[in-house]
Amino acid sequence: MYATKLNDYIHLIDLKTAGYDSFNGSYVLKEDNVAIIETGPTSSIPNLLAGLKELDIQTEAVDYVMVSHIHMDHAGGAGALLHNLPNAKLVVQNRGARHMVDPAKLWVNSKRVLGEIVDLYGPILPVSENRIIIPEDRMQLDLGEHVKLQVIETLGHASHHQSFYEKTSRTLFLGDAGGIFLPKLDAVIPTTPPPLHLETKQSSLEKLTQLNPEMLCYTHFGPARNAVSRLHAYSKQLALWARVVAESTEKGDDLETTYAKIVELDPSMKKAEEFIKTHTMLRQSVVLQSIQGFIQYSRKDT
Ligand SMILES: [Zn+2]
């Protein structure tokens with residue numbers, strides 16, 4: 001089983017990327033039209049297609065594939081997916097679009113940042129230009145009477161990051177704008193790789209808060225209620241990390257020491273500490289990169 005029902009119009013598909021359950025997801029919105037939010041990487045496209053099958057959605061019926069940003073875990077599989085969805089268009093932010101058409105540079109950068117993990121994600125296939133829609137901020141796609149999906153530009157995690165807001169159910173699909181949510185632990189791990197533009201990130205969070213959402217749908221991973229208080233908590237968490245890392249950098253602490261200080265002071269990281277140890281992807285990639293983001297940010301600041 002890959003698909004879980006969230007409401008009459010929205011399902012979550014667990015992509016089980018690289019064999020990890022409950023770590024990377026796509027959302028399927030279906031009324032008269034069908035949209036998929038996030039593709040995951042190429043290696044888990046078969047799981048996404050299996051999820052669509054469970055939902056009884058024909059590949060011809062999908063109209064839109066929307067990605068929050070072009071990092072491989074969110075959009076690396078867009079080309080492979082569109083190959084299977086003959087009528088779908090890809091909705092990707094302006095600054096990300098050209099890398100979907102010609103992914104050579106994206107591949108090289110991903111390999112540099114992610115190392116061996118790219119092999120678990122698989123190749124990035126190109127998307128032909130005539131299948132791409134570049135949205136304006138707040139562009140709205142009505143999938144029917146009840147499903148009204150708005151594109152919300154939320155730069156910060158990446159220079160081309162966008163989120164999606166379904167207005168009727170007040171559901172916010174926030175990509176990586178709200179960190180990684182670990183539902184079993186009710187903990188959040190920041191996603192702040194370099195180059196970190198903290199102020200931009202914070203103002204994007206404020207913009208999302210203004211929407212007054214009811215439910216957050218994290219790409220990593222799953223739905224969570226009390227959306228507004230979660231957005232506030234994430235904003236505070238980022239401020240805390242900025243302070244701790246700035247102090248640590250000033251003292252000349254190494255990465256391990258900095259991490260230990262974060263775990264000590266951030267209740268969310270304290271809850272997640274043991275789990276992170278068991279999770280290669282989180283430990284080797286996400287957490288270290290997030291700390292690096294703050295280290296570089298604090299150096300620029302001084
Ligand atoms: Zn991500």
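Visitor: Hi! What am I looking at, a predicted model or something else?
Guide: Hello! The structure is a predicted model.

Visitor: How many helices and strands does the protein chain have?
Guide: The protein chain has 11 helices and 15 strands. Its radius of gyration is 18 Å, close to the 19 Å that the globule rule gives for 302 residues, so the chain is as compact as a globular protein of that length.

Visitor: And what box do the C-alpha atoms fill?
Guide: Roughly 60 × 40 × 35 Å, taken along the principal axes.

Visitor: How much of the chain is buried?
Guide: Buried residues make up 48% of the 302 residues. As for contacts with a separation of 6 or more, 66% of them are between residues 24 or more positions apart.

Visitor: Which domains is the chain divided into?
Guide: There is domain 1, residues 3-234, and domain 2, residues 239-301. Their centres, taken over C-alpha atoms, are separated by 25 Å.

Visitor: How many residues are in contact between the two?
Guide: On the domain 1 side 18 residues are in contact with 19 residues of domain 2. Two strands, β12 (180-182) and β13 (187-189), each supply at least two residues of that side of domain 1. The largest share comes from β13, with 3 residues.

Visitor: What kinds of residues make up that side of domain 1?
Guide: The side of domain 1 that touches domain 2 divides into 16 nonpolar residues, 2 polar ones and no charged ones.

Visitor: Let's go inside. Which residues of the largest nonpolar core touch the most other members?
Guide: Those are Val65, Ala78 and Ile189, in a core of 81 residues. This core draws at least three residues from each of domain 1 and domain 2.

Visitor: What is Ala78 in contact with?
Guide: Leaving aside neighbours within four places in sequence, Ala78 is in contact with Thr39, Val65, Val67, Leu90, Met100 and Val127.

Visitor: New topic: helix α9. Which of its residues are buried?
Guide: In α9, which runs over residues 255-265, Thr258, Tyr259 and Ile262 are buried. Seen down the helix axis, the buried residues of α9 fall within an arc of 100°, so they line one face of the helix.

Visitor: And what does the face turned away from the buried side carry?
Guide: That face of α9 carries the exposed residues Glu256, Thr257 and Glu264.

Visitor: I'm also curious about Ile295. Where does it lie?
Guide: Ile295 lies in helix α11, residues 280-301. Setting aside residues up to four places away in sequence, Ile295 touches Val245 and Thr249.

Visitor: Why is Ile295 called partly exposed?
Guide: Because it has 19 other C-beta atoms within 10 Å, and a buried residue needs 20 or more.

Visitor: How far apart are Ile295 and Ala35?
Guide: They are 38 Å apart in space, C-alpha to C-alpha, and 260 residues apart in sequence.

Visitor: Now the backbone. Which residues does a cis peptide bond join?
Guide: One joins His220 and Phe221, with omega about -20°. Phe221 lies in the loop between β14 (215-218) and β15 (222-224). The peptide bond from Pro194 to Pro195 is cis too, with omega near -5°, and Pro195 is found in the loop between β13 and α7 (198-210).

Visitor: What about phi at Ser22?
Guide: Ser22 has a positive phi of about 50°, although it is not a glycine. Its place is in the loop between β2 (10-14) and β3 (25-30). Ser22 is partly exposed, with 16 other C-beta atoms within 10 Å.

Visitor: And Arg138, what is its phi?
Guide: Phi of Arg138 is near 75°, again a positive value in a residue other than glycine. Arg138 is in the loop between β7 (132-133) and β8 (140-142). With 10 other C-beta atoms within 10 Å, Arg138 is exposed.

Visitor: Last one: is Gly19 buried or exposed?
Guide: Gly19 is exposed, with 10 other C-beta atoms within 10 Å. Gly19 sits in the loop between β2 and β3. The C-alpha atoms of Gly19 and Glu199 are separated by 35 Å, and the two residues are 180 residues apart along the chain.

Methods. Residues numbered from 1 in each chain as written. Predicted model: local features only at pLDDT ≥ 70, side-chain atom pairs only at ≥ 80, totals over all residues. Domains from an automatic or database assignment. Contact = placed C-beta atoms within 7 Å. Helix = DSSP H or I, 4+ residues; strand = E, 2+ residues; numbered from the N terminus. Nonpolar A, V, L, I, M, F, W, Y, C, P; charged D, E, K, R; others polar. Buried ≥ 20, exposed ≤ 12 C-beta atoms within 10 Å, placed from the backbone. Rg over C-alpha atoms; globule rule 2.2 N^0.38 Å. Arc of directions from axis to C-beta. Core = buried A, V, L, I, M, F, W, Y, C linked by C-beta atoms within 7 Å.
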